[in-house]
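Dear colleague,

Please find below the structure that I am handing over to you. My findings follow it.

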Amino acid sequence: MTHYETVFILTPVLSDSQVEEAVNKFHDHITSNGAEIVAKENWGLKKLAYTIQNKRNGFYHLVEFKTENADLVSNLELAFKRDERVLRYLSVKLDKHGIDWAEKRRTKLKSANK
């Protein structure tokens, strides 16, 4: 199984329910194509480094998943391109060091949230 990590930024003009609906749409897209979601994080509303479409903020979301379907990432990125709520996205294939780092980050977040 190949591990991937995707971060996407949603436009800040959305309500909480609209953000949740958009995030669920992409999670459903991932799972419906046979992938397993390992972790998902909502980073919340963050300031952008530079303006995108005259927006200074965006809702950041991270999804880590593993799949055997090689076309899933390209299909997911096509869905991001077609959705006007998405400002930017980035998908990365994780190697063994990236997987270890992601696990350490998750355990650190879990211990910090206790």
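His3 is buried, as its relative accessible area is 15% (buried means under 20% relative accessible area, exposed over 50%, and partly exposed in between, with a 1.4 Å probe and protein chains only). This residue lies in strand S1; strands (E, at least two residues) and helices (H or I, at least four) are DSSP runs, numbered from the N terminus. Setting aside neighbours within four places in sequence, His3 is in contact (heavy atoms within 4.5 Å) with Val38, Glu64, Phe65, Lys66, Val92, Lys93, Leu94 and Ile99.

Two points on the basis of these values are needed. The model is predicted, so that local features need pLDDT of at least 70 and side-chain atom pairs count only at pLDDT 80 or more, while totals for chains, interfaces and linings use all residues. Residues are numbered from 1 along each chain as its sequence is written, and side-chain values use heavy atoms, with hydrogens and water left out.

Strand pairing

Strands count as paired if DSSP finds at least two bridges between them. Strand S1 (residues 2-10) and strand S3 (residues 55-67) run antiparallel and are joined by nine bridges; within this pairing, Leu10 stands opposite Phe59 in S3. Strand S2 (residues 36-52) is also antiparallel to S3, with eleven bridges between them. Ile52 has Lys55 in S3 as its bridge partner. S2 and S3 form a hairpin with two residues between them, and Gln53 in the turn has a positive phi of about 50 degrees.

Nonpolar cores

A nonpolar core is here a set of buried Ala, Val, Leu, Ile, Met, Phe, Trp, Tyr and Cys residues joined through side-chain atoms within 4.5 Å. The largest such core has 19 residues, and Phe8, Leu10, Phe26, Ile30 and Phe65 have the most contacts inside it. S1, H1, S3 and helix H2 (72-82) are the elements that give two or more residues to this core. A second, separate core holds five residues, among them Ile9, Leu48, Ile52 and Tyr60. In soluble globular proteins, nonpolar side chains tend to be buried together.

Aromatic pairs

How many aromatic pairs does the structure hold? There are six, where rings of Phe, Tyr and Trp (its six-membered ring) pair if their centres lie within 6.5 Å, with planes under 30 degrees apart counted as stacked, over 60 as edge-to-face and the rest as tilted. The ring centres of Phe8 and Phe26 are 5.3 Å apart and the planes are at 65 degrees, so this pair is edge-to-face. Because Phe8 lies in strand S1 and Phe26 in helix H1, the pair ties together parts that are 18 residues apart in sequence. Phe8 is buried, with a relative accessible area of 1%, and Phe26 is buried with a relative accessible area of 1%.

Phe26 also forms a tilted aromatic pair with Phe80, at 4.6 Å centre to centre and 55 degrees between the planes. Phe26 lies in helix H1 and Phe80 in helix H2, so this pair ties together parts that are 54 residues apart in sequence. Ring pairs link Phe8, Phe26, Phe80 and Tyr89 into a cluster.

Glu20 is found in helix H1 (residues 16-32) and counts as exposed, at 53% relative accessibility. Its C-alpha atom is separated by 10.0 Å from that of Asn42, 22 residues apart along the chain.

Yours sincerely
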